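Please work through the exercises below with the sequence and the structure at hand. Each task is followed by a worked solution.

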Amino acid sequence: MAKTAVATVLDIAELSFSDLVLLQSPEMPADDHRRHRILDTVATELDRGGSGLLAIAEVPHMGALQQRLLPLSRRLALMDHPTRSQVLKKHGLGSDVHLKKPDRSVSSFVKLLRHSGKLAVLELVNNTESISNGIVSLEKIHDFDGSKESNYDDDMENIGELVTELGLYMMDLGILIARACDIVIGGGQLEKSIADFGTAKARLIHYHSELDNIIIREKEDSTRKCSLKKVAVKPYQLGSQRKSGSLCPCSIKSEDMTTVMAVNDNNSRDTSVQGQAAEISLLNLWQEWHYDFGILTVLTAPLFLSASEEEKCSIDQEYHHPNGHTHLQLCNGRKIFSVKCSPESFIVQVGEAADILSSGKLKSTLHSVSRPLSFTDISRETFVVFLQPSWDKT
């Protein structure tokens, strides 16, 4: 029987970056109390009875990289298609969604990362100005302790380097968690599988607000009309006067959540994601229910941006959820959980490949991304790195 969806808040367990560093120390005795606590947290949260998620906090410098990169996602999404194509090509980025589709709910910009085999993130502990995987640290380009606005225009010029550097650091975090998982479950399969492949996919994702889609549609209409008239297209501004009768964001009402069908009591799941998603129907989603197929997914805590018609589309205000929700949702048994974490933490999530490689000891997570109810002008920005095994891995 159908039941009304009520999301339970899940404040996911958190490890500090220093905890992960401590595990790498050869001098650390196996019976050390802190070591036991760290490994117990990994085991409790990522095994079959846990959430399948962990947060990593207090990672040096990476929070500043995150603050620079995430706002660029919306800027890219709202560019006209020819300009955006030039920017993506210049910085070695691509996309895995149809960016010409004006009513898309998500824009995604991707880059393939190749790991050197060295954990450059550990060098951050010593605050060294190193060259990471052939790329000069962006600390030499930007003063990350300065204001976000001071280097705003320069950030788009360095988006390729930002994606690569932050992506490789996040890949390192995933390897450190894989190493901890291997200690817990034995076998050494996870880290070796990641290292053997040595490649990961990075995605910079913009989840559109209702206002974003209005902007995109009006830009498309304006471009089409001006093209027919053979006149130059003027840059679009959110503050420009709209046509009489055009859709006002204030008039858009977010739809309420519908009911959620209860899944089976046992923890078994269909091999088909579509079959599972069909049982769990939730309206008002940015991203539908799915499993990640890789070993681990590492993602930033999301940034929420609020824009109004009175502002230029390149100027955004950060929106802080009063309860710290990420709008990442998990489904575990009969319950829906709304994930909460600190704004500068990094989340590690178990994928299906880790579930398989660990013989079911680790738990892959069924998840979705929900829209903020009643806020049509809020967009969501995040950066995700997918660590996967080699394609010929048995």
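The exercises that follow concern a helix pair and a sheet in this predicted model.

**Exercise 1.** Determine how helices α3 and α6 are oriented to each other.

Solution. 
- Step 1. Locate the two helices: α3 covers residues 62–78 and α6 covers residues 159–185.
- Step 2. Consider their geometry: they pack at an angle of about 130°, and their axes lie 10 Å apart.
- Step 3. Classify the angle: angles from 65 to 115 degrees count as roughly perpendicular and those over 145 as roughly antiparallel. The helices α3 and α6 are therefore oblique to each other.

**Exercise 2.** Identify which residues of α3 and α6 meet, and describe the contact by class.

Solution. 
- Step 1. On the α3 side, the residues in contact are Met62, Leu65, Gln66, Arg68, Leu69, Leu72 and Leu76.
- Step 2. Their counterparts in α6 are Ile159, Leu162, Val163, Glu165, Leu166, Tyr169, Met170 and Leu173.
- Step 3. Sorted by class, the contact of α3 with α6 comprises twelve nonpolar residues, one polar residue and two charged residues.

**Exercise 3.** Describe the arrangement of the five-stranded sheet, and then the pairing of β14 with β17.

Solution. 
- Step 1. The sheet is open, its strand order is β2-β15-β14-β17-β10, and its pairing is mixed.
- Step 2. At the edges stand β2 (8–11) and β10 (285–290), each of which pairs on one side only.
- Step 3. From one strand to the next, the twist averages 30°.
- Step 4. Within this sheet, β14 (residues 325–332) and β17 (residues 366–370) run antiparallel and are joined by four bridges.
- Step 5. Leu330 is found opposite His367 in β17.

Methods:
Residues numbered from 1 in each chain as written. Predicted model: local features only at pLDDT ≥ 70, side-chain atom pairs only at ≥ 80, totals over all residues. Heavy atoms only, no water. Axes fitted to C-alpha atoms, helices over the stretch in contact; angles between N-to-C directions. Parallel < 35°, antiparallel > 145°, perpendicular 65-115°, else oblique. Contact = heavy atoms within 4.5 Å. Nonpolar A, V, L, I, M, F, W, Y, C, P; charged D, E, K, R; others polar. Pairing = 2+ DSSP bridges.
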